[in-house]
Amino acid sequence: MKPFTLDHAQSASEAVTGLAAGATAIAGGTNLVDLLKLQIATPDRLLSVRRTGLDAIAADGDGLRIGALVTNADCAADARVRQSWPLLAKAILAGASPQLRNRATTGGNLCQRTRCGYFYDTTQACNKREPGSGCSAKDGFNRIHAVLGTSDACIATYPGDMAVAMLALDAVVHTEGPRGGREIAVGEFHLQPGDDPSRDNVLEAGELITAVTLPAPTGGVQVYRKVRDRASYAFALVSVAADVCMENGRIVRCTLAFGSLGTVPWRDPAVEAVLVGEAPSPALFDKAADVLLRDARGFGANDFKIALARRALAATLNDATKG
Ligand SMILES: Cc1cc2nc3c(=O)[nH]c(=O)nc-3n(C[C@H](O)[C@H](O)[C@H](O)COP(=O)(O)OP(=O)(O)OC[C@H]3O[C@@H](n4cnc5c(N)ncnc54)[C@H](O)[C@@H]3O)c2cc1C
Ligand code: SF4
């Protein structure tokens, strides 16, 4: 591991000053320390943001404000989250292990990097790790890779669970930076790879995530379905987050987000539009899947994800609409 200094910011503004001066934020360290050990991240200065006081969950009008340093364990255990936004608790609890969730934070989870094996193997070409070097996954072992939102430069998925639920819940990321504060819809936070996959999200130099806010609950049925190789302690192959409101046997409101299918947490308003106003049926769910997967492209070993996403969507909608 390359030598680095470690300081502790005592407030958000102190953190912003340190990050703007070139330090790298570390929160729980559950992703970043692995990247340091492999020399994929090689900062000279680390700035811990754990003492910034951003570790509270508080009411925000009819919604909820989750501080960036709230651990995944505390967020999933919060009575308000469990009562009104169970989708978020379910998604978090479907991820990692209890030990990791005790350490991992809201801000760090949003910024976690891809699990593409070639990204972690510094002997392999990877445009995300080393821009311009190529993409070993496209013609390599790409079983976990994306089928939506890919580019010639990169086909890696965003691997997390929490952000998928937040996307279906219309959550907003709050930041502080050298140029002031910003509010960014979760759906606009992560970046598709395009020509420059090295940038995962819209955070600018010196910008700190301070919180995520959830709007008032819809009263819908919330379902998180995660399909993976093992029943626990595994990243998703495909996940679906749904928040569905029914009236008189018809879907009147529906938000859907998908994980590990696209290069970013994936949401497609056209899929939701197909469903709203209709009575649930296998044929309707199939039509929604046709729309979701209209531009899907497999790369060989991940072709199965296209059929898997169809079945995962149908099963999720079945659970969310069965009454
Ligand atoms: C074995 C294993 C299994 C896992 N399984 C899953 C899983 O199934 N599902 C899942 O979703 N996740 C999974 N994870 C990932 C885990 O959830 C993340 O590592 C964790 O959430 C990252 O949070 P952290 O606080 O430890 O971040 P860190 O490792 O401290 O930081 C990660 C990144 O976020 C940046 N950062 C941190 N806080 C802020 C902030 N406030 N503002 C701006 N930037 C910030 C850091 O600079 C760094 O780039 C797994 C991890 C491991 C090691
Ligand atoms: S898919 Fe992306 S992260 Fe994986 S090797 Fe290709 S460029 Fe790197």
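Trainee: In β3, which residue is the bridge partner of Leu6?
Mentor: This is a predicted model, where local features need pLDDT of at least 70, side-chain atom pairs count only at pLDDT 80 or more, and totals for chains, interfaces and linings use all residues. Residues are numbered from 1 along each chain as its sequence is written, chains are lettered from A and ligands numbered from 1 in the order written, and side-chain values use heavy atoms, without hydrogens and water. Strands (DSSP runs of E, at least two residues) and helices (H or I, at least four) are numbered from the N terminus. In β3, Leu6 bridges to Leu46.

Trainee: How many bridges join β1 to β3?
Mentor: β3 covers residues 45-48 and runs parallel to β1. Strands pair if DSSP finds at least two bridges between them. For β1 and β3, the number is four.

Trainee: What is the strand order in the open sheet with parallel pairing, and how far are its neighbours turned?
Mentor: Three strands make up this sheet, in the order β1-β3-β2. The edges are β1 (5-8) and β2 (24-26), each pairing on one side only. Ignoring direction, neighbouring strands are turned on average by 35°.

Trainee: At what angle does helix α1 run to β3?
Mentor: α1 (residues 12-20) packs on the sheet and touches β1, β2 and β3 (contact: heavy atoms within 4.5 Å). Angles run from 0 to 180 degrees between N-to-C directions, using lines fitted to C-alpha atoms, for helices over the stretch in contact. With β3, α1 makes about 165°.

Trainee: Which element gives the most to the shell around ligand 1?
Mentor: The shell has 30 residues (a heavy atom within 4 Å), and Thr30 and Asp161 are among the closest. β2, α7 (106-110) and β8 (208-214) each supply at least two. With three residues, the top contributor is α7.

Trainee: What distance separates an oxygen atom of ligand 1 from an N or O atom in the side chain of Thr30?
Mentor: Polar contacts here are pairs of N or O atoms within 3.5 Å. A backbone N or O atom of Asn31 sits 2.9 Å from an oxygen atom of ligand 1. A polar backbone atom of Ala234 is 3.4 Å from an oxygen atom of the ligand. For the Thr30 side chain, the value is 2.6 Å.

Trainee: How much of the ligand 1 area does the protein bury?
Mentor: Accessible areas come from the Shrake-Rupley method with a 1.4 Å probe. Alone, ligand 1 exposes 980 Å². The protein buries 90%.

Conventions: A polar contact is a pair of N or O atoms within 3.5 Å; within protein, one must be able to donate a hydrogen and the other to accept it, and residues adjacent in sequence count only if both atoms are side-chain atoms.
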